[in-house]
Amino acid sequence: MFRTISNIMKVEDLRKKILFTLLILIVFRVGSFIPVPNINVDALKSFGEAQEGIFGLINTFSGGALFNFSIFAMGIMPYITASIIVQLLTMDVIPKFVQWAKEGEAGKRKLAQVTRYGTIILGLVQAYGLSIGFNTQYNMVINPSFMIYTIIAIVLTAGTAFLMWIGEQITEKGIGNGISIIIFAGIVAGIPDMSKQIYTSLFVAEDVTMFLSVLKLVLILISVLLIVVGVIFVQQGVRRIPVQYAKRVVGRKMYGGQSTHIPLKVNAAGVIPVIFALSLIIFPTTIASFFAGNGVADWILANLYYDQPLGMFLYVVLIIGFTYFYTFVQINPVQMADQMKKNGGYIPGIRPGKTTAAYITKLMTRITLSGAIFLALISILPVIFIKIAGLPASVTIGGTSLLIVVGVGLETMKQVESQLIKRHYKGFINK
């Protein structure tokens, strides 16, 4: 490991990327403690009561910024929601978006710009709701008025826009996917506090039995280990489709004739489906929490939170659906088959063209199902086990958080690995 770190420091380009990413994350952590104006800081202490509900989940993904009501209180969630909406609209809903999706890099830039505008609009709406709703429950806004709410909403939206920008900067100039890295940093920052809550509930609370507490702690550690091993195993899983390229004579030279393969990952979507599913499942409960006491709002809070049976079912369905959606957005079987046909490639026993596309689609459907079910199980089973163990509700997101942390960490490590291998250095993975 130390040799690998030494190798990383020897590569100037890689060293600059890692240092740039770390500096950006420091900025993110500092911003998580800068409160928005016109907020009574003393009233923030009452957020301790909210940690048992939906806000504990949002706070975890914002790195504790929500309970500080800092400029990054909304985190990156509006951007994720806007991304989901734009990607759904590219599925033959808005013809212009469909056209842009087929234009390659230029089209992606146009869709990214639409996503940014959508983020600002959604962020502004969510910021108004957040500030008004929190003031209704906690009386934390000083001299509340429309102008004060507008100032708070603008600051919160600007914070989200800044996070969106630094996420894009990490993707472009740093290491890993910027948005995933920001969520990763927020979760990791909350690990000490989550560990403290587990320790308090097991060993400090009243009427605790030492044997049962130790047994619960051992089971939690085993569950963490199994999740880490499972995520690594599935993320590394690949189905290789053999491809043969026909020989071609161009002038006096012969091209092609070699055998290769197409690697189809078991979970090509990574942890993005879990992040997307969480964003959608917490949206109705977040809105409903501001209208507690209303019959419809109380029903939503009692049934649609993802540790309840109905909410858990919807959460699983969303994870599976987004896994398929994001996989087929990344890998287009029709384009893949056309590219192979143009280059004289074919899958042995399969006719080039539409038959090849249908074959790849069939394989991707089967492989992705395994990855989708795995993601759903890893996200849900820890919630069930932790509720049985009687741990605080704020800890029930541990399984999903760990899944995201391991998945993002693994993808980032593989990027560093590829950079080292290109420069003939040995990386993390010894073969």
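Reader: Which residues in helix 10 meet helix 11?
Author: In this predicted model, Ile 198, Leu 202 and Phe 203 of helix 10 meet Met 210, Ser 213, Val 214, Lys 216, Leu 217 and Ile 220 of helix 11, where contact means heavy atoms within 4.5 Å and helices are DSSP runs (H or I, at least four residues), numbered from the N terminus.

Reader: And at what angle do helix 10 and helix 11 pack?
Author: Helix 10 (residues 191-204) and helix 11 (residues 210-236) pack at about 150 degrees, with their axes 9 Å apart. That makes helix 10 roughly antiparallel to helix 11, a term used for angles over 145 degrees, on a scale from 0 to 180 degrees between N-to-C directions.

Reader: Switching topic, how many salt bridges does the structure hold?
Author: The structure holds 2, each a side-chain nitrogen of Lys or Arg within 4 Å of a carboxyl oxygen of Asp or Glu. In one of them, Glu 168 and Arg 116 meet at 2.9 Å, N to O; Glu 168 lies in helix 8 and Arg 116 in helix 7, so the pair ties together parts that are 52 residues apart in sequence.

Reader: What should I know about the numbering and the cut-offs?
Author: Residues are numbered from 1 along each chain as its sequence is written, and side-chain values use heavy atoms, leaving out hydrogens and water. Local features need pLDDT of at least 70 and side-chain atom pairs count only at pLDDT 80 or more, while totals for chains, interfaces and linings use all residues.

Conventions:
Helix = DSSP H or I, 4+ residues; strand = E, 2+ residues; numbered from the N terminus. Parallel < 35°, antiparallel > 145°, perpendicular 65-115°, else oblique.
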